Amino acid sequence: MSELTHDLGRGLPGSVLHAGLLAQGSGLWEDAHRAARAMASRPATTHPESAGLFHGAPAAAFALHAAGHPAYRSALATLEQPLAAMISARLEAAHRRIDSGRPPRMREYDLISGLTGLGAYLLHRASGPEPLRGVLRYLVRLLTEPVRVGSHDVPGWWTSDGPAGRPDDSMPAGHANFGMAHGVAGPVALLALAARAGHLVPGRHEALAASCRLLERWAQPAPDGGAAWPETLSVEAWAAGPVPQYRAGRPSWCYGTPGIARALQLAAIACGRQGSRTRAEDLLAACLGDPVQLARVTDLTVCHGWAGLALAADRAAVDASAASSLREMSADLRAEFTARLVSDPLPQSAGLLTGADGVLLTSHTLNTSRPVGSGWATCLLLT
């Protein structure tokens, strides 16, 4: 269990987050305090190679901050300096890498382990604008400065890793990843959400507009209508361009249409591209209305199940234009998720992404009679 002590996706920080947010309404803090004490029983790493939003000190800090009990303030204060130093070191390394012209490792920039996730923590923490702006300036470079892989110019977020986050002999040139958890949708969504909150950096508008164009170009038409994004692309597939017919994959938050369409919607709103906003909302609506895609959702989890799908749809519906069908469709999806909470088994594990904590927290967040605030979903870059 020690590896889960500071794992937001699979372990105790997810339990602290879930119990703490419920306790804000009920006043019953025993479960949250118990989980927080267990989380504090071991030191949390701030090592730049291993700590990220979903692991180590940033995961613990996010959970404690979102839970919001006064008793957690001293623990948060002790984490501020080492976290700031770690983020600074990672930014310096990332800029050196960009200057060298090499593509990044996945863990440099992604939401789960990288600077996008650390930026999400800073956006939620709101303790000072400059560290966050440092991350945003890096993301502008990541989204606008291409790199060279072999004989091909590829985007700056092209990773030298395979889809598992490490070098892969089957993809020696690395790959493009479109998903929210590990790909370009994460940086795009963070840059857009930060702009919404008033954190503006030079080049932001151009980076978001270019990202809208890119995501629209790679939304590949499906044989039965609608469109979807590829989860990953090899350098050969990137060079060949979008295919005319594409079979949509699982509609998950982490890799699928719900997360990517939400990123496109947020970017379009932030840079005033009404056509791109309509496109994002239409693509998500087509996904939600496709029984073939929905049949590929087989569990309740946030990462790749009904909870993440319902939450992404709900957040997109809140921002949807008046002509969009997303509000009605998201209400139907919320009802479906609620019914499946009764009929389908909860995960047996803890944690936000793959455990029961994330499923139940999403249920409380989508409960229209006594909702829990949705601000915690910043760690998913949905709000």
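This is a predicted model: local features need pLDDT of at least 70, side-chain atom pairs count only at pLDDT 80 or more; totals for chains, interfaces and linings use all residues.
# Exercises on buried residues and ring pairs

Residues are numbered from 1 along each chain as its sequence is written, and side-chain values use heavy atoms, with hydrogens and water left out.

## Exercise 1. Helix 6 and the residue after it

Task: Determine how many residues of helix 6 are buried, and which residue follows the helix.

Solution. 

Step 1. Helices are DSSP runs of H or I with at least four residues, strands are runs of E with at least two, and both are numbered from the N terminus. A residue is buried under 20% relative accessible area, exposed over 50% and partly exposed in between, using a 1.4 Å probe and protein chains only.

Step 2. For the packing named at the outset, contact means heavy atoms within 4.5 Å.

Step 3. Ala 126 follows helix 6. This residue belongs to the loop between helix 6 (115–125) and helix 7 (129–144). Phi of Ala 126 is near 50 degrees, which is positive although the residue is not glycine. Ala 126 has a relative accessible area of 64%, and is therefore exposed.

Step 4. Leu 381 also has a positive phi, near 55 degrees, in a residue other than glycine. Leu 381 is placed in the segment after helix 16 (356–365). With a relative accessible area of 0%, Leu 381 is buried.

## Exercise 2. The surroundings of Arg 90

Task: Which side chain of opposite charge is nearest to Arg 90, and which backbone oxygens does the side chain of Arg 90 reach?

Solution. 

Step 1. Arg 90 is found in helix 4 (residues 73–100).

Step 2. Lys and Arg count as positive and Asp and Glu as negative, while His and the chain ends are not counted. A salt bridge requires a side-chain nitrogen of Lys or Arg within 4 Å of a carboxyl oxygen of Asp or Glu. Arg 90 is buried but has no salt bridge, and the nearest side chain of opposite charge, Asp 110, is 6.2 Å away.

Step 3. The side chain of Arg 90 reaches the backbone oxygen of Ser 113 at 3.0 Å and that of Pro 48 at 3.5 Å.

Step 4. With neighbours within four places in sequence left aside, the contacts of Arg 90 include Ala 51, Arg 107, Glu 108 and Leu 118.

## Exercise 3. Cysteines

Task: State how many disulfides the structure holds.

Solution. 

Step 1. A disulfide is a pair of cysteine sulfur atoms within 2.5 Å.

Step 2. The structure holds 0 disulfides. Cys 287 is in none, and its nearest cysteine sulfur, that of Cys 254, lies 13 Å away. Cys 287 counts as buried because its relative accessibility is 1%.

Step 3. The closest cysteine sulfur to that of Cys 379 is in Cys 303, at 12 Å, which is too far for a bond. Cys 379 is buried as well, at 0% relative accessibility.

## Exercise 4. Aromatic pairs

Task: Give the count of aromatic pairs, and classify the pair of Trp 29 and Tyr 72.

Solution. 

Step 1. Rings of Phe, Tyr and Trp (its six-membered ring) pair if their centres lie within 6.5 Å; planes under 30 degrees apart are stacked, over 60 edge-to-face, and the rest tilted.

Step 2. The count by this rule is 6 aromatic pairs. Trp 29 and Tyr 72 have ring centres 6.4 Å apart and planes at 75 degrees, so their pair is edge-to-face. This pair links distant parts of the chain, 43 residues apart: Trp 29 is in the loop between helix 1 (12–26) and helix 2 (30–39), and Tyr 72 in the loop between helix 3 and helix 4.

Step 3. Trp 157 and Phe 178 have ring centres 5.8 Å apart and planes at 70 degrees, so this pair is edge-to-face. Trp 157 lies in the loop between strand 2 and strand 3 and Phe 178 in the loop between strand 3 and helix 8, so the pair ties together parts 21 residues apart in sequence. Trp 157 and Phe 178 are both buried.

Step 4. Trp 157, Trp 158, Phe 178, Trp 218 and Trp 238 are linked by ring pairs into a cluster.

Key: A polar contact is a pair of N or O atoms within 3.5 Å; within protein, one must be able to donate a hydrogen and the other to accept it, and residues adjacent in sequence count only if both atoms are side-chain atoms.
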